[in-house]
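Morning, everyone. Please have the sequence and the model open on your screens.

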Amino acid sequence: MRTISFRGDTDKALIGHRGATGARPGWRVRAGVFAATTALLSAGTLAGAGPASAAPAAIRLTSSSCPGVIQQGQVSGCVTELQNLLNAHGAGLAVDGSFGAKTLYAVREYQSSTAIAVDGLVGPRTKAKLYATGGSAPAPVNLNSSSCPANVVRGNRGGCVTELQRLLRHFGYSIDVDGDFGPATDSAVRDFQSTHGLSADGQVGANTKRELYDTDESPSTALDLRSASCPSNIVEGQSGGCVATLQALLNGKGQHLDVDGQFGPLTLAAVRSFQSSAGLSVDGEVGQNTKAALYSNISTGGGSGAPAPINLNSGSCPADIVKGRRGGCVTELQSLLNHHGADLAVDGDFGPLTDSAVRDFQAEKGLSVDGRVGPNTKAALYGAVTPPSSPAPGGGYGKILDVAAAEVGTVEGSARANSYGSAVGLSLSTSNYAWCATFVSWVARQTGASSYRNSYVVGWVKQARAGNYHLSVTTNPQPGDIVAFDWNGGNDYTGGHEHIGIVRTVSGGSSFTTVEGNTGNPDGGSDGVYVKSRSTNSGYDVLFIRVR
């Protein structure tokens with residue numbers, strides 16, 4: 001993982017902000033767009049559509065001429081309409097009126113994005129969602145996936161551009177997320193490249209993509225909350241793919257949340273509201289019962305959705321899980337693969353795309369690349385989500401420094417370092433994202449000093465300034481306090497140049513030492529958890545946070 005120097009230091013940039021402008025766009029109809037989109041749909045002229053004469057005339061999915069459930073194998077004007085609607089969300093299908101394998105995958109991807117059971121069956125729920133979201137930006141597509149070009153450039157349109165714009169907004173660029181790479185996006189890309197020491201050519205290639213993804217968020221993929229990929233209890237303060245899935249499921253139950261992967265006050269209120277309406281204990285924690293209720297009755301009509309996940313090492317799963325398998329073992333497999341960076345529809349069906357993801361994972365981990373999920377592959381899949389033994393939680397704020405100092409020397413990418421992500425619902429390798437705030441969250445969880453968890457520096461700063469979660473701002477730092485850095489100034493702790501750690505010693509005046517995760521090794525070598533000497537007058541902003 002490339003390190004970036006700021007004012008003589010070697011700490012990697014942290015995407016430490018996500019305000020209202022940085023939230024992932026929800027599925028909304030924008031004023032004036034829906035009517036135009038509907039007109040284009042009926043004319044068959046959306047991007048990705050084939051000539052109108054090559055397909056049966058489009059028929060509205062909710063008309064009596066279309067079956068209650070549209071599924072693979074059918075050929076009709078109902079499928080023409082379906083393909084046009086999917087293309088409005090960036091599917092890029094050839095509009096031929098034939099429901100084949102590509103249309104099936106596009107349906108599953110859309111269902112996954114909108115919290116409908118991923119069964120590939122276009123029933124009443126999916127039909128209603130498709131029409132309700134017809135004017136939204138195309139669904140984001142991971143820039144590193146095979147669906148995106150090697151170089152995303154001005155003039156491109158679709159889900160790859162939506163994802164690009166979403167990432168740029170995380171870095172503070174005020175651009176529309178509309179899936180259209182126009183002048184404003186081009187200007188933001190060039191400025192981003194210049195700021196990060198890249199060639200400012202406006203082409204989003206491998207280096208620019210890598211820099212854009214050097215963040216604290218997990219990939220934009222679907223995860224099953226009931227799988228081992230997600231914590232047994234998802235609570236306020238956590239972030240990541242599991243929280244994004246939770247928010248999407250809540251929206252599928254009538255809530256109206258931004259799917260941004262941040263479990264904040266609005267998500268907490270939505271959880272409590274859902275629990276109350278479902279007759280559950282209203283505690284705001286998403287445990288087994290709440291997860292089961294979220295997954296109940298969400299089928300699109302005609303299917304039962306993805307089977308409940310089953311631990312791959314249980315007696316219910318075969319020794320080798322292979323292509324062609326279906327069921328809960330495959331649901332679990334797909335969720336685990338997504339937590340390792342794949343982009344699969346979680347549907348419990350081990351098809352070609354799952355096979356390809358398995359082989360990619362095996363190659364990355366140095367395993368035999370055979371597509372068979374046997375003991376070694378299972379162990380590797382669970383390796384990043386099963387933390388090693390940790391100090392017993394407890395001790396409160398008085399133990400913050402003790403717990404943090406005990407981790408000094410932990411190397412980035414090791415099983416120990418990767419386990420820190422469990423505090424915020426992440427199971428990514430620490431070699432793949434900036435994890436300094438994740439480490440602080442892990443320390444807070446181990447000690448019980450604060451219930452707050454966040455993988456973004458700005459989250460810790462905002463809560464301290466607001467006096468929430470037993471956090472407050474102090475000008476009299478002491479060992480065990482938290483310290484946030486804004487390398488490029490502005491005292492707003494946004495813009496992608498933030499860092500955070502634990503105060504170790506205070507020498508008086510402006511000097512102090514820290515224990516920090518995601519920081520450079522003073523002796524050279526891989527980044528990790530190390531002690532650093534810092535100062536309050538070195539040209540960057542510093543904010544001390546008291547935990548009491």
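A disulfide here is a pair of cysteine sulfur atoms within 2.5 Å. In general, a disulfide is a covalent bond between the sulfur atoms of two cysteines. How many disulfides does the structure hold? There are 4. Count the bonded cysteines along the chain, and the pattern reads 1-2, 3-4, 5-6, 7-8.

Some housekeeping. This is a predicted model, where local features need pLDDT of at least 70, side-chain atom pairs count only at pLDDT 80 or more, and totals for chains, interfaces and linings use all residues. Residues are numbered from 1 along each chain as its sequence is written, and side-chain values use heavy atoms, leaving out hydrogens and water.

Two more terms. Buried means under 20% relative accessible area, exposed over 50%, and partly exposed in between, with a 1.4 Å probe and protein chains only. Helices are DSSP runs of H or I, at least four residues, strands are runs of E, at least two, and both are numbered from the N terminus.

Now the pairs. C66 and C78 are bonded, with sulfur atoms 2.0 Å apart. The torsion about their S-S bond is about -105°, so this disulfide is left-handed. C66 sits in the loop between α1 (33-43) and α2 (77-87), and C78 in helix α2, so the pair ties together parts 12 residues apart in sequence. C66 counts as buried at 10% relative accessibility. C78 is buried too, at 2%.

Next, C148 and C160. Their sulfur atoms are 2.0 Å apart. The S-S torsion is about -105°, so this link is left-handed. C148 lies in the loop between α4 (124-132) and α5 (159-170), while C160 is in helix α5. Both cysteines, C148 and C160, are buried.

Then C317 and C329, with sulfur atoms 2.1 Å apart. At -105° about the S-S bond, their link is left-handed. C317 is in the loop between α10 and α11 (328-339), and C329 is in helix α11. Both C317 and C329 are buried.

On to helix α9. Which residues of α9 are buried? They are T267, L268, A270, V271, F274 and Q275. After α9 comes G279, with a positive phi near 75°.
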